[in-house]
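Hi,

Here is the structure I promised to pass on to you. Have a look at it first, and then read my notes below.

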Amino acid sequence: MALKPGDGGAVEISPTGWVAQQAQLYEESGGTEGTTLHGAPCLLLDYVGRRTGAVRRTVLIYGRDGDDYLIVASKGGSDDHPLWYLNLVDQPDVSVRVGTERFPARAEPLSPEEKARVWPHLVEVFPPYADYQKKTDRDIPVVRLRHTDR
């Protein structure tokens, strides 16, 4: 099932209170409000749940690599991957909103070499990522979101 922006279907927003509030503000403002978290830029990610097939939405901090967006599956340094990441591995076709722009994208986990190259930039965007990696033995994945409409 390919997820396309503007399909008009229902989207389940994260059950985490602050995420739901920020996602609602971001979407209802058309991408003009709720676009940062602790000073870092944020995007909205719509993805398909691997078990339910439901379209879900979360708010994530992002970095850039050329025209691509980079998101970090940190889960605050937890030993478990965030559920959104597991869903992207199974179904990499997503919809992204960055500010006022919404576009279809493909999610691609980075290789260890690619992660090593972009990690300093991501820590610059959001310094707590460095501490999150120290808190866990899990290698925190970085995912590239690449436009599929270009």
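**The pocket and its surroundings**

Five elements, β1 (11-13), α1 (17-28), β4 (55-65), α2 (83-90) and α4 (128-135), each give at least two residues to the lining of the largest pocket. Please keep in mind that this is a predicted model. Strand β4 provides the largest share of that lining, six residues. The space in the largest pocket comes to about 770 Å³. It is lined by 32 residues, and S14, T58, L60, P82 and W84 are the closest to its centre. By type, the lining has 17 nonpolar, nine polar and six charged residues.

Is D46 buried or exposed? With a relative accessible area of 5%, D46 counts as buried, because the cut-off is under 20%. The side chain of D46 makes a polar contact of 2.7 Å with that of R57, and another of 3.5 Å with that of R102.

Y129 and Y132 are about one helical turn apart because they are three residues apart in helix α4. Together, W119, F126, Y129 and Y132 make up one aromatic cluster. Over the ring of W119 you will find the charged end of K115, 4.7 Å from the ring centre.

Enjoy exploring!

Terms used
Residues are numbered from 1 along each chain as its sequence is written. This is a predicted model: local features need pLDDT of at least 70, side-chain atom pairs count only at pLDDT 80 or more; totals for chains, interfaces and linings use all residues. Side-chain values use heavy atoms; hydrogens and water are left out. On a 1 Å grid over the protein atoms alone, a cavity is a set of points where a 1.4 Å probe fits but cannot get out, and a pocket is an open set with protein on both sides within 12 Å along at least five of seven lines; lining residues have an atom within 4 Å of a point. Grid points are joined across faces, edges and corners, and a volume is the space filled by probe spheres set on the points. Helices (H or I, at least four residues) and strands (E, at least two) are DSSP runs, numbered from the N terminus. Ala, Val, Leu, Ile, Met, Phe, Trp, Tyr, Cys and Pro count as nonpolar, Asp, Glu, Lys and Arg as charged, and the others, Gly among them, as polar. Buried means under 20% relative accessible area, exposed over 50%, partly exposed in between (1.4 Å probe, protein chains only). A polar contact is a pair of N or O atoms within 3.5 Å; within protein, one must be able to donate a hydrogen and the other to accept it, and residues adjacent in sequence count only if both atoms are side-chain atoms. Rings of Phe, Tyr and Trp (its six-membered ring) pair if their centres lie within 6.5 Å; planes under 30 degrees apart count as stacked, over 60 as edge-to-face and the rest as tilted. A charge sits over a ring if NZ of Lys or CZ of Arg is within 6 Å of the ring centre and within 35 degrees of the ring normal.
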